[in-house]
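Here are my notes on the model you sent. Please read them beside the structure.

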Amino acid sequence: GRCPPPLAALSQVLRLERNRRIGVVFPLQKLARYLAPGADTERFGLFQPGLAALQRAEALFRSGRDHAIGYVSSAVRMAHAPPPVLPEVCFIGRSNVGKSSLIRALFSLSPEVEVRVSKTPGHTKMMNFFKVGKYFTLVDMPGYGYRAPQDFVEMVEAYLQERHNLKRTFLLVDGVVGLQKTDHIAVEMLEEFGIPYVMVLTKIDRASRGLLLKNVLEIQEFVKEKTQGCFPQLFLVSSLEFSGVHLLRCFVAHVTGNLPTVEAR
């Protein structure tokens with residue numbers, strides 16, 4: 001199998017000097033340092049697990065002899081979806097937001113897991129189900145917007161409304177361009193169905209610090225004023241540099257009920 005990339009494992013991150021380590025594990029926390037004095041930073045650290053929780057989460061994403069991780073099946077409609085036995089999380093976002101790249105980064109410690117990353121936006125045409133041992137299932141949903149499959153809305157709406165084992169939806173937003181019109185439509189759909197979700201800002205390595213901070217503050221304000229089902233803390237990730245990936249693994253483990261000791265308001 002392929003070797004996991006540098007910084008995919010927490011043990012590699014812990015060898016970095018402190019400032020860089022915090023930037024990789026808690027990128028939002030690092031960004032908060034550049035806020036004006038006296039700014040409200042509460043929403044920057046609502047979910048702040050300790051090292052033991054981060055390590056436990058990483059173990060869930062690392063396959064072993066008694067812990068198989070892998071692709072289960074794909075489905076175009078709910079009738080073809082695998083039985084809703086395990087807790088489930090799904091990842092949705094605009095085409096080309098970096099969804100498959102992020103899922104590949106999450107599973108990078110299990111190189112045998114095949115997550116296809118296409119150079120063509122809108123390549124994911126089906127719901128792809130990945131099983132993480134006996135703990136949870138992760139679902140890669142088709143991208144919306146540019147080149148979305150024609151039956152995208154029917155597929156996604158049916159999934160969100162009917163999938164009773166769905167614990168959290170991860171809505172991916174491009175960290176460089178911020179919330180787009182199509183993202184607002186996805187938010188409205190999640191709010192209308194009363195689905196708990198969290199926003200993940202992708203490609204943060206491509207945004208300058210100033211631009212990223214501007215987008216974070218604008219989206220935080222939007223979440224605070226206009227949403228009810230969205231977790232108040234944003235998650236920032238770079239699939240390339242692994243920033244935020246360890247924290248996101250931990251949050252997935254937490255919302256699927258596999259980290260009972262972690263506090264998240």
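1. A cavity here is a set of grid points where a 1.4 Å probe fits but cannot get out. The model is a predicted one. By this rule there is one cavity of 30 Å³ or more.

2. How large is the volume of the largest cavity? The value is about 30 Å³. Its lining consists of Phe 26, Leu 28, Gln 29, Phe 44, Gly 45, Phe 47, Gln 48, Gln 233 and Leu 247. By class, these lining residues are five nonpolar and four polar, with no charged residue.

3. Next, the packing of two helices. Helix H5 (residues 99-106) and helix H9 (residues 245-255) have axes that come within 10 Å and cross at roughly 85°. Angles of 65 to 115 degrees count as roughly perpendicular, and H5 and H9 are therefore roughly perpendicular to each other.

4. Which residues make the contact between H5 and H9? From H5 come Leu 102, Ala 105 and Leu 106, and they meet Val 245, Leu 248 and Arg 249 of H9. The contact of H5 with H9 has five nonpolar residues, one charged residue and no polar ones.

5. In helix H6 (residues 152-162), the buried residues are Phe 152, Met 155, Val 156, Ala 158, Tyr 159 and Leu 160. An α-helix has 3.6 residues a turn, so residues three or four places apart point the same way.

6. What covers the buried residues of H6? The cover includes the strands S1 (69-75), S2 (88-93), S3 (127-132), S4 (136-140) and S5 (166-174). Helix H7 (181-193) is also part of the cover.

Notes
Residues numbered from 1 in each chain as written. Predicted model: local features only at pLDDT ≥ 70, side-chain atom pairs only at ≥ 80, totals over all residues. Heavy atoms only, no water. Buried < 20%, exposed > 50% of the residue type's maximum accessible area, 1.4 Å probe, protein only. Helix = DSSP H or I, 4+ residues; strand = E, 2+ residues; numbered from the N terminus. Contact = heavy atoms within 4.5 Å. 1 Å grid on protein atoms, 1.4 Å probe; cavity = no way out; pocket = protein on both sides within 12 Å on 5 of 7 lines; lining within 4 Å. Points joined across faces, edges and corners; volume = space filled by probe spheres on them. Nonpolar A, V, L, I, M, F, W, Y, C, P; charged D, E, K, R; others polar. Axes fitted to C-alpha atoms, helices over the stretch in contact; angles between N-to-C directions. Parallel < 35°, antiparallel > 145°, perpendicular 65-115°, else oblique.
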